[in-house]
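Please look over the model shown below before reading the notes that follow.

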Amino acid sequence: MLKVLNSLQHLFQIKDLRRKLLITLLILVIFRFIAHIPVPGVDLAALKQLFNSNQLLGMLDIFSGGTLANFSVMALGLGPYINASIVLQLLMMVVPKLEELSKEGDFGRERINQYTRFLSIPLAAIQAVGMAALLKNQNILIFNRPLDLVGIIFTMVAGTILLMWLGELLTEYGLGNGISILIFAGIIGRLPVSLLQTGAISQTLNLMSLLAFGIIGLMVISAIVLVNEAVRQIPVRYARRQRAGPPADGVQTTYLPLRVNQAGVIPIIFAVSLVVMPSVIGGYLQRMARPQLADAAAKVVNFFNPGHVPYHLIYFILVIGFTYFYTAVTFNPDKISADIKKYGGFIPGIRPGTPTADYLSQVLNRITLAGAIFLGLIAILPSIASGLTGITTLTIGGTGILIVVSVILEVSKSLEAQLIMRNYEGFL
């Protein structure tokens with residue numbers, strides 16, 4: 001505790017870090033203010049009722065940074081930008097020019113970021129059209145002229161661009177990783193409402209339920225910290241050049257860290273997008289005039305009900321599958337093996353080249369299984385906690401907890417590294 005207080009004291013003593021903290025707080029205030037400005041023509045009371053009755057929409061609201069529940073001008077959130085980033089990462093595997101561009105240092109990363117911004121605009125427009133049609137069908141969004149729809153779409157796309165800009169300002173002038181910090185702020189912004197709702201229904205719950213919920217929360221946070229920090233260190237030895245002087249050891253040993261949770265929260269985002277789609281399409285088709293089509297749609301919606309076991313099973317399997325998929329996209333054993341061989345390194349007991357790549361793939365598959373099961377359990381955690389304790393208002397979701405804890409760990413590590421650097425340079 002004293003170490004944390006001393007770090008905070010040093011943080012405010014350093015002018016540069018103090019400025020970054022103040023800029024971060026200012027941008028977060030602006031973000032939360034704009035998040036409460038609704039799109040024209042929306043029935044906020046009906047929208048609130050829809051979100052209270054649909055757990056899946058509440059989960060999507062997490063990734064929008066808390067803006068979807070208000071259907072604000074930033075209702076699309078950072079979803080289009082995240083999807084565009086994923087598409088660009090996949091394209092870098094199949095388009096040689098993009099792969100070469102990614103290896104050109106800061107210039108290449110800036111160009112890829114620019115392509116990501118451009119791709120986010122049409123994705124945001126498509127998502128805005130679908131969301132407007134869905135809410136229009138639910139009599140939540142009211143517009144009569146095509147020009148009104150165009151205005152709504154342009155407003156929502158502009159809100160996404162503004163949110164991306166705020167995220168980049170946070171990354172450049174704030175505490176870093178602005179996209180994660182904005183999502184973190186949206187989740188934290190919903191906590192006071194959840195606490196008030198829990199206090200209102202606490203009279204109907206016994207003390208053991210509240211205590212069990214608190215214990216589950218602490219266990220989940222501890223598990224997230226443990227898994228996020230867990231790595232498998234692969235020893236790599238490099239031949240050291242011999243120089244004039246006393247004889248020295250000719251081998252230098254370093255370690256290649258393989259994270260257990262290599263994919264982060266991305267697999268859950270993929271899985272949510274797929275598992276929500278049948279319910280959204282089914283809810284739309286239920287209003288069709290054909291009875292047979294409406295009955296089939298009702299069965300689909302009932303099958304993908306978050307309160308039923310098949311939904312959780314499918315959700316769990318999708319998270320595991322996407323964890324392996326995203327890990328395979330972001331970590332290339334062949335490239336790592338080639339780089340190790342290029343610089344004269346080798347893994348003890350493993351021949352360089354293809355055997356090294358096979359060994360890395362084998363180790364990665366084993367530790368990814370543990371990370372994938374962990375993410376799957378985190379994804380279905382809200383329903384498990386609600387079933388055990390009977391508390392539904394305070395369940396921001398295992399995904400939300402994962403994002404909050406991950407962002408706190410990342411920011412704390414960044415601040416600690418900057419404090420250590422300044423102490424080393426004698427700034428304090």
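What percentage of the 428 residues in the protein is buried? Buried residues, meaning those under 20% relative accessible area with a 1.4 Å probe and protein chains only, make up 40% of the 428 residues. This is a predicted model, in which local features need pLDDT of at least 70 and side-chain atom pairs count only at pLDDT 80 or more, while totals for chains, interfaces and linings use all residues. Residues are numbered from 1 along each chain as its sequence is written, and side-chain values use heavy atoms, with hydrogens and water left out.

**Overall**
- The protein has 18 helices and three strands, taken as DSSP runs (helices H or I, at least four residues; strands E, at least two) numbered from the N terminus.
- Its accessible surface comes to about 23600 Å², of which 66% belongs to carbon and sulfur atoms, as computed by the Shrake-Rupley method with a 1.4 Å probe.

**Helices α5 and α14**
- Helix α5 (residues 79–94) packs against helix α14 (residues 309–330) at an angle of about 55 degrees, with the axes 10 Å apart, the axes being lines fitted to C-alpha atoms over the stretch in contact and angles running from 0 to 180 degrees between N-to-C directions.
- Q89, L90 and M93 of α5 meet F325, Y326, V329 and T330 of α14, where contact means heavy atoms within 4.5 Å.

**Residue S72**
- S72 lies in the loop between α4 (55–63) and α5, and it counts as buried because its relative accessibility is 0%.
- Leaving aside residues up to four places away in sequence, S72 touches I34, A35, H36, I37, P38, V39 and T67.

Definitions and conventions: Buried means under 20% relative accessible area, exposed over 50%, partly exposed in between (1.4 Å probe, protein chains only).
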